[in-house]
Amino acid sequence: MSVHFAAARCTTQSPLARALAKRPVAPAANDNADRNAAIDQSLRDALMHFAEHGLDAANDAARKASDAAGSGSDEEYRHWIGICGKLDGKLADQVAARGKTAEDVLIG
């Protein structure tokens, strides 16, 4: 029986070497890179409100938005309706619809 020499494969081309090779890490995908800081701040406020109030956070924000609308504080109303919208958009739409008077609906 004769013995034949078989040279080893090139280590860079072997399937095992390719499987164990460290691949370069791709940069992280940032799906909200094009958003501005105001949107990020409103999301941060909504998450902080949720952390404080738990599952009742949307209802609490809706109550605060209604109270602000009743007191005439537009800035505070927009703040709370924005938080409510981030947590529960349907509830925020209901609160906004209740806050409109007949004159607001007719004018625009």
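Q: How many salt bridges does a search of the whole structure find, and how is a salt bridge defined?

A: The search of the whole structure turns up three salt bridges. Side chains of opposite charge can pair when their charged atoms come close. The term here means a side-chain nitrogen of Lys or Arg within 4 Å of a carboxyl oxygen of Asp or Glu. Keep in mind that this is a predicted model, where local features need pLDDT of at least 70, side-chain atom pairs count only at pLDDT 80 or more, and totals for chains, interfaces and linings use all residues. Residues are numbered from 1 along each chain as its sequence is written, and side-chain values use heavy atoms, with hydrogens and water left out.

Q: Which residues form salt bridges with Asp60?

A: Asp60 pairs with Arg63, with the closest N and O atoms 3.6 Å apart, and with Lys64, where the closest N and O atoms are 3.4 Å apart. Asp60 and Lys64 both lie in helix 3, four residues apart, about one turn of the helix. Helices here are DSSP runs (H or I, at least four residues), numbered from the N terminus.

Q: What joins Asp56 to this group?

A: Salt bridges that share partners link Asp56, Asp60, Arg63 and Lys64 into one network. Arg63 forms a salt bridge with Asp56, the closest N and O atoms being 3.2 Å apart.

Q: Is Asp60 buried or exposed?

A: Asp60 counts as buried, at 10% relative accessibility. Buried means under 20% relative accessible area, exposed over 50%, and partly exposed in between (1.4 Å probe, protein chains only). Arg63 is partly exposed at 43%, as is Lys64 at 28%.

Technical notes
Helix = DSSP H or I, 4+ residues; strand = E, 2+ residues; numbered from the N terminus.
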